[in-house]
Structures are given as C-alpha cells and as structure tokens.
Amino acid sequence: MATPTLSEARLQGGAGIGFRPLMFNFRSGKDRFRSLWRLPGIMATSQPLRVLCLAGFRQSERGFREKTGALRKVLRGRAELVCLSGPHPVADAAGPEGAGPDPGPCPPEEQPRGWWFSKQEADVFSALEEPTVCRGLEEALGTVAQALSKLGPFDGILGFSQGAALAALVCALGQAGDPRFPLPRFIILVSGFCPRGLGLKEAILQGPLSLPSLHVFGDTDRVIPSQESMQLCSRFAGAIALTHSGGHFIPAAAPQRQAYLQFLDQFAE
C-alpha cells in the first residue's frame, strides 16, 4: 500500500507488533493532510466532542488550561476540553519530568501538581529512569476514575507528558477489563512515553491498544525524546504520529490545526 505523503511525511515501522504507525512531519506551509479523510457532513454543526485532558508533571489545572489556550481556540466548536491535574502537590524546585524548571510557570496562586513520583524520599519524577517506586500512582488512577464518573461522559482523552503516560495506562487498564476506565472513542497523546516501573510498561507493551490514537511530539523535545514517544505510538494499532520541529509543548500552529481537526472529524455525529 502506498504511503500517504504530506509536506515531509515519513512512515516508520512499529516495535514488533505487526503494524506500522503513520508518521507525519510538518515543517512547510503546505498542508496536504486534508486528502487523508473526506467525510460527509460538517462537524461544526454537531455537538462538540468532550475531551478529558490530563496535565503534565508540575502543572495546575489553571496553568494547564492556559498552556492549552491555543489548542482550545483551534478546537472551538469542535471539542470541549476539560482539564485535570494530578492529585499530589509538587514543590516548584522539582522540574517537569526531572528536566529542570518549566520556562512558563503556573500562576502563583495555584499549586503545581503531579500524578506520581519516581522516588520514595522526594517529590520528583523522571520519565527516562527506571524508578524505585511509583509513589502516588493509585491515587492518580483514582483521580482519573472519579473524573470519568462525575464529569463524564467523555468522547476522548488527551494527555500531555506524564499525563499522556497516565492516559495510555488508563486505556490499557480499560482494554484489560478494569471497570473504572471505560474505553474512550479516541486518545491524543502529546509528548508521551511508556511509563516505567512496577509492571506499568508491561501493561502497555503486552499487546496493541485498539482505540484510534493521535501522537504529537517534537523533534527537539529534550524532556521526552522523540524515540520515547514513538515507542508509545507503536503500541496503538493504526496509530497516527504527528511530529513538529519544536520541543516540549502542545503545538497548535496552522499545520497541526488541520491534523487535529481532521483526526476529530472521524468522530463527528
């Protein structure tokens, strides 16, 4: 089958599961994503999709809402984003995923929070090291389960960084039959990675996840290297990977805008 092409599209193989995620890299202003899906109807006339958004490490709900402002504007009328941060307070000194201070700090009146910690004695998290513990993970899963129950229903889940790893884990647990986590219709993972420690990675790596997925990550991300995001992407059957030339953030420029909208158009009712 011929590989769909975009401005700088490239197709890469999965990690031994037998499927190949589509991978698109936007660097030019030419947008050819539209040709991949031509669906009847106009999504803007439908009810907006509801998406639960899981913040990254050391972000508050308000801070995450501000950082997703450009994406919220792009999806206006198409999707309602409900932001959720982790249950555990995090001191400002603990940088995102162990990579140092965040260049765009959250408002001072809101406590930065995280989903879980990778050390027993310190409130820190590193995505790239095998942790000694996953302290606070059960509380994190409980927070998501409560949000799904009380704030839902949701059509999809979006996760950023540590929130993307948690979103993938939630879907793996849901696919395995955990009644707390009904499978959403789709998932969007930005700067995601396979969580490490205590069998977490194995829960995702043991088999392909079947729900539609869009994976977004930057070629110059120094917090979560692109190969980490590609490994997570390879665990989803029929995954679509959208790369950009930037770093650790949620992109919402014109090329990515079309990718988001065309992906979500599949779920318009």
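Among contacts in the chain (heavy atoms within 4.5 Å) between residues at least 6 apart in sequence, 78% join residues at least 24 apart. This is a predicted model, in which local features need pLDDT of at least 70 and side-chain atom pairs count only at pLDDT 80 or more, while totals for chains, interfaces and linings use all residues. Residues are numbered from 1 along each chain as its sequence is written, and side-chain values use heavy atoms, with hydrogens and water left out.

**Chain**
- The chain contains seven helices and ten strands, taken as DSSP runs (helices H or I, at least four residues; strands E, at least two) numbered from the N terminus.
- Of its 269 residues, 54% count as buried, that is, under 20% relative accessible area with a 1.4 Å probe and protein chains only.

**Helix H3**
- Helix H3, residues 137–151, has 15 residues and reaches 21 Å from its first C-alpha to its last, close to the 21 Å expected at 1.5 Å a residue, where the expected span is 1.5 Å times one less than the number of residues.
- Among the buried residues of H3 are Leu 137, Leu 141, Val 144 and Leu 148.

**Largest cavity**
- The structure holds one cavity of 30 Å³ or more, a cavity being a set of points on a 1 Å grid over the protein atoms alone where a 1.4 Å probe fits but cannot get out.
- Residues lining the largest cavity (an atom within 4 Å of a point) include Val 51, Leu 71, Phe 186, Ile 188 and Tyr 260.
- Strand E4 (79–84), strand E8 (186–190) and helix H7 (254–265) each give two or more residues to this lining.

How values were computed. Buried < 20%, exposed > 50% of the residue type's maximum accessible area, 1.4 Å probe, protein only. 1 Å grid on protein atoms, 1.4 Å probe; cavity = no way out; pocket = protein on both sides within 12 Å on 5 of 7 lines; lining within 4 Å. Points joined across faces, edges and corners; volume = space filled by probe spheres on them.
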